[in-house]
Amino acid sequence: MKKVNLFKTLNLVFLSVVLLFFASCGGRGTTEETRAERRAERSERIDLLGAGASFPAPLVTAMADEYRQVTNNRVTINYQSIGSGGGIRQFSEQTIMFGMSEAFLSDDIMAEVESKTEGRAFNLPITLADVVITYNVPGTDKGVVFDGELIVDIYMERITSWNDPKIAALNPGKNLPSLPVTVVHRSDGSGTTNVFTSFLTRVSEEWRNKIGFGTSVNWPAGIGGNGNEGVAGAVMNTPGAIGYNSFSYALLNDMSYGFIVNSSGNIIEPSYPATTEAANIDLPEDTRILFTNTPAPDGYPIAGFAWMLVHENLDKNNAINSREEAAELVGFLVWAITEGQELSEELGYARLPEAAIERNFEMISQIKWRGENIGREVLKKNQLL
Amino acid sequence: MKSFAENKTLFQRNLWDRFMVGLLIVSTILVMVPLLIIIGYVIINGISALNWEFFTEELGSPARAMQGRPTGLVHTIIGTAVVDLLALIISAPVGLGAGILLSEYPDHKLNPFLRIINDTLNGMPAILKGLLAFALIVKPMGTFSGLSGGFALAFVMIPIIARSTESALMNIPWSIREAGLAIGLPRWRVVLSTVMPAAKTGLVTGFLISFARAAGEAAPLMFTSFGNNYLPNHWTGMIFGPVDTLPQRLYSLAISPYKEWHAMGWAAGIVLLVFVITLFVTARLLTRENKYN
Amino acid sequence: MKREEKINDVLKKPVGVIYRWLGDRIFLSAAVILGLSIIFLSFSMAWVLYGEGRAAFSEFGFWGFLKGTTWDPGIQLIFGALPFLLGTIVTSVAALLIAFFPAIAIGIFIAEYAPRWLGNIIENLVHLIAAIPSVVVGIWGIFVFAPWMRETIYMPVFNWATENSPSLLPVLGNPMGYGMATATIVLALMIIPFTTALTRDAIRQVPKEQREAAWALGATRWEVIRMAVIPYARGGILAGAILSFGRAIGETMAVAMLIGNKNTFPFSIMGPAATMPSVIINEFREAVGSLHLSSLMAIGFVLFVISLIVNLVAAYITRKLSISGGQAV
C-alpha cells in the first residue's frame, strides 16, 4: 500500500499549491453574490502587453499604474523595459501589442511591417527623450560644462583624467580631481544611444566616419551597462565614471549631470522647457525625425522623441487576440498622450508639444480592426474628434 | 615505494604530516568563510528589506517605490510557483520514464547512449535551454508565456530527475524484483507497485533537488516567461501570457538604478534563498531518514 | 490481506493479454519513448542553435565567425565571437585554477581528516552553498563584493601603478570594480562547492584495502592520502575538475552582473570584458537585426559545442581512469 501513500502525498502537495494559487488570485469576498460580481467584472478585464525602451519605462509604467486606477482595475498594462532594439524587434515579430522605442522605425522595418500586416506601422511620439551626461565625481555636483568635441574626446578615450586641461578650459573655477575617467555606455540596443550618438555624429566629423550612430554602436572605449538602469548603476557605483542617461533617470536618482554647449554657443542646462524648445520645429507627418544638435538657440541639443509603435491593422498583430483588446489598447494610447501627460513633469519628462499631439491624433484615427476604424471610434468616444 | 620513508626521519615525516593537515584546514576555512559571508549578507540585507507589503502588493512602476507607495512582489511569488509547477509537471514523466528505462532494463540497447546524452544535457548551460525553449515554444506560440518558462526549466530538470530516478531505483535490491516476478506479476506491475514505492524517498529526493536547481535559474526565463509588473487578470494569463519569476525579477531589480528596488532585490534574494534551501534541506533530511530505515 | 490469498488471487486470474504481455510492451515502449525524448531534446538543441545561427556562419564562415574580433551591431553589421570566446575561456580557466586546490583540499579534509560530525557539517554546508542561485550571488557581487574589491584592491593597485610603472596600466585596466578579475573570483567561489562534491565522491570510492595497505607499510596519514587515495581517485578528481570547468563556462547571471560587459578587445585584468553567456543574456532580448540575432544564436551553438566536448571528455576520463561510473550532481 506504499504506492498509494506516495501518490497521496504528491496529490496533496499539488492540490494545496493549486488551492493556494486560486486562493491568492481569488477575491476576499465571501458571499456568493459578490463572488459572482467579481467573476463578471474579472472576465471583462484586459491585459495589455508592451515592451521596449527603458528610457520611457518609469513614465509608461507610472501611466500603467494610473490607468489601472482610472479604469477601476479593468485594464492592466504590462510594460517590460527591454531596450528600444528589443521593442522594435518584438514589435515586428508581433510578440507584443505595442512597442516603444527612442529610435523611429527604419524604412526597412516599415516596409517589412507593411508587407506582413498590409498596413503601416505608426510611430506615435509619447514623450520627449533628453539625454544628459551623467557623472560621478566626488565633491562635484551637477553643472560641469561639456561641448560636443569634449564628449567625443572622452568617449574616444583621449581624455583619461578629470583634471584634463580641456575639461578645465570649459569649467573655469571648478576644481576637478585627478581621477581616472571611466566611460560607461549602453551594452544593449537603445534609443538613448541613438539620440546620444546622433548628437555626436552631428558635432564631430571623426565620430561620423569612425563610429556613426544607431541603437547600438561599436564603442571605441568604456564599459557597457545593460539598460538605462545598468548605465546609471555603473555610474553611481563608480567614482570617476561618466555615462549618458535620460534626464528622468538622472533626476529620479539624484545623479550629477552636465550642461551642454549647443550649436548656437549657449550653455544649456537640461530642463523641460529647453527640451520642448528643441522640438519646436516642423514635424513630418509620420513624426520620424531626429532633432539633435537643434538649431533653436535655447534648445537643449541632445533630445529626441520616444515613440510608441503600433500597427495600423491591429488585427494583423498576432499578440492581439480580440477587438476588445485592440480597443483598450487604442484607449490607452489616447489617454497616454492626453491625460497621461499630466504625469510627465513630476517624473522628469517633458510634455509633448501640441504639434506632436496633433500628429498623434491623425495617426490614431487611422488605426483599424478588421477594416473597422476603431481609432476614430475611440477618439470620438473621448470627444477628441 | 621510493616516494616515502627514504632519506627522511620519522620526525620529518610527522612534521610534514602536521604541515599538510594545517594547510588543509587553512584552505577549508579560507573557502568556507567567503561563502558563508555571501549567505550572511543576503540574510541580513534581505530580512531588513522584507515587510508585509512585499508579500501582498504588486510591483507596478518604479515611481511607486520612490514615492513610498506600497509595492511588493506578490505577483512574482505566485508566478514563480506556477512556472516551477509547470516545469515539474512537464519534466516528471520524462525524467521518470528515462530513469526507469536506465535502471529496470539495464540491457536495453539505448541505455549507454542515453546515459551519455543525459549527462551531457545535464552539463549544458541553462541559458542554452532557455534559447531552446524560445525557439521551440515562444516562437511558434508567438508570445512570451509562463508555459515556455515551464518548458525551459523542465529542460533543466529532466536530466537531473532521470539520473536520480535511475540511482534511486538501482538502490532497490534485485531480489525484490525477482520476488515480484516469481509470483507471476508482469514486469510493469513489479516496477510500479514494488520497486517504485520502495524507492519513493529516493525519487522524491531527486525531484526536490532538481526542483531546487531549476527554481534558482534566471537565465532560461529571460527569453521565455519574460516578466510582468502585475498579476495577470485571468488565470490563463499565468500560463499563456508573460509571467514574473523571482530569479528574473531579482536580476532586473539588482541592475536597476533605484535604491528602493535594490532593497527589494535583497528581499527577493532571501525569499529565493529560503525557498531553494528549504527544498535542499528537505531532500537531505529525507535521504538521512532513508538511511536509518 | 493474507499473503497466501493474494498469491492465489494472482494465480487464479486469467492471464490477460493486455495485463501481461502487451502491458510490458506498452510499459517498455513508453519508457523508451520518454528516454528518446531526452535524446531528441539534445539533438534539437544542437539543431535549433545551428539552424538559427546558420545565417551568421554563412555570412562570416564558421572559422571566420570564431576568429572575428569585431562585434558591431550598429554600423558595419560585423559579428565576431573571439572576444566572447576568449573572455569565457580566460575567466573559466582562471576560476578553475583558483578553485581547484582549495576545493580538493576541502574534499580531502572532510573525507580523510575531519572528525565525522565536522565532516558531515562541512559537507552539508558545501551542498547548501552549491544550491545558492546564481542571481543571489550576483546581487551580493554587485552591492558588496565589487565595491569592496574596488576600494581595497583595485584602487591601491591602480594608484601604485600610476606612480611607479605606468606601462602596467593598460594591462591592469580600469579599476571600476566590475570586470574580469571580479567575475573570475566570484566564478571560482561558485564552482568550489561543485568541485568539492565531485572530489569527495571520487575519494569515497577508494576501497578501504588501499588505505589499509598503505597504513600497514607504516605510512603517515598524509602519505596514505598521497600514495593510496589520490592516485586511485585521480580520474574522478580530474573529471570533476573538467565538469567544474564546464559549469564555469555556462555560468551566466552572476558573470553578466559583474563582468562589466565590454564587447571589444583589448581586455585587461581589472577592466571589463564579456563572456559568451553574458553577451547572449545582455543582447538577446534587445537584438533588432536578424544577423545580430543569428550571431547570438551562433554564439549559443559555439557554447553548445564547447560544453559538449567538455562533458564528453569528462565522461571518457571517468570511464577510463576509475572503476565505477560517473556521478551525477
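Me: Which domains is chain B divided into?
Reply: Chain B has domain 1 (4-49) and domain 2 (52-292), with bounds from an automatic or database domain assignment. This is a predicted model, where local features need pLDDT of at least 70 and side-chain atom pairs count only at pLDDT 80 or more, while totals for chains, interfaces and linings use all residues. Residues are numbered from 1 along each chain as its sequence is written, and chains are lettered from A and ligands numbered from 1 in the order in which they are written.

Me: What separates the centres of those two domains of chain B?
Reply: Taken over C-alpha atoms, 34 Å. Their contact takes six residues from domain 1 of chain B and seven residues from domain 2 of chain B; being in contact asks for C-beta atoms, placed from the backbone, within 7 Å.

Me: OK, chains B and C now. How many residues does the contact take from each?
Reply: Chain C puts in 80 residues and chain B 78 residues.

Me: Which helix of chain C gives the most to that side?
Reply: Helix α2 (residues 18-60) of chain C, with 21 residues. Helices here are DSSP runs (H or I, at least four residues), as are strands (E, at least two), numbered from the N terminus.

Me: Switching to chain A: in what order do the strands of the open sheet come?
Reply: The order is β5-β10-β11 in chain A, with mixed pairing. Two strands pair if DSSP finds at least two bridges between them.

Me: Why is one side of β5 and of β11 left without a neighbour?
Reply: Because β5 (145-146) and β11 (267-268) of chain A stand at the edges, each with a single partner strand.

Me: And what is the bridge partner of Val261(A)?
Reply: Ile267(A), in β11(A).

Conventions
Two residues are in contact if their C-beta atoms, placed from the backbone, lie within 7 Å.
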